[in-house]
Amino acid sequence: MSLSRFQLQFQMENQAKKIRNSQNFHAAIVKHGELLKDTYKKHPLFYKIIFRNSRFIVCSTILSIYYLQSNASLKDIKKFFKGKNIISESSLDSFLFFLRVGRRLEIKPCDRDRRLMCYKPTLHALFETQALIASIALPYQMLTPKMPIVALLENPGFIPDFFAAYGQFMLKEIYLIDLVPQSELFISKDAGHMILLMLFIESIKQDSPLLLLSSAKIAKCCSVSRAHINRILKTAEKSGLLSTINNVVIELNRSFFIMAERYLSLYFSMIEFGLENVENNQYALKDK
């Protein structure tokens, strides 16, 4: 059932609050980081590009449009982003070309109108998508032990059923960067999600807001330059999220933890929305 934008966001916020209050929340985040790191290092150049907010939204929207309407075309994608302050028309064209060259999108003339170019995600793209979802779905098991997440991920219809629900967030323009404005300092940059996640996980592991963590180590783990990390840290420092000492010590402020916990709990709640739809559809098929 399709929900209104208000209903979706209300449901998302309520679930995120429950997630933040769970005693296993931090453990789930650490597990997410471990799984994501394994996935990330297989194609670091690709993942650092799509872990920039605008590109992540484009990738998610591409799949959402594909699974929520028939004969999805490149024109549909361009129409959706036209006039929005997410990505420029030229940058969108370049990114779509990047996905095609990387064999993640297949293009052919549409049957309904040969002047339009229809698209579909390749098997390679779907495999990567499944791995990314699994990197947060499997840790979510710690928060919802009764949900058969492993079985859901193995369901042949997982991706279509997942995006039939998760895609509503994209098409109704409910974005984490808007709900958690300070996260923009990280996630609007290449590898931003990984950088934010790494800082938060290190604080959990070291059980301290004072991290013995150099910008060089972050850069190496995220496959970006040290200058890129230093720019992000300097901007975050000016915004009061953290302090840095000689590029080897980072002190995270309370505002960072509030931002990171809100951002990650909302991320988990969006994934749960998709998982629940897969589970409901699986039970519906069994009842027939």
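What radius of gyration would a compact globule with 288 residues have, and what value does the chain have? A compact globule of 288 residues would have a radius of gyration near 19 Å, and the chain, at 19 Å, agrees with this; the radius is taken over C-alpha atoms, and the globule rule is 2.2 Å times the number of residues to the power 0.38. The model is predicted, so that local features need pLDDT of at least 70 and side-chain atom pairs count only at pLDDT 80 or more, whereas totals for chains, interfaces and linings use all residues. Residues are numbered from 1 along each chain as its sequence is written, and side-chain values use heavy atoms, with hydrogens and water left out.

The C-alpha trace spans about 60 × 45 × 35 Å along its principal axes. The chain contains 15 helices and five strands, defined as DSSP runs (helices H or I, at least four residues; strands E, at least two) numbered from the N terminus. Of the 288 residues, 49% are buried (under 20% relative accessible area, with exposed over 50% and partly exposed in between; 1.4 Å probe, protein chains only). Among contacts (heavy atoms within 4.5 Å) between residues at least 6 apart in sequence, 72% join residues at least 24 apart.
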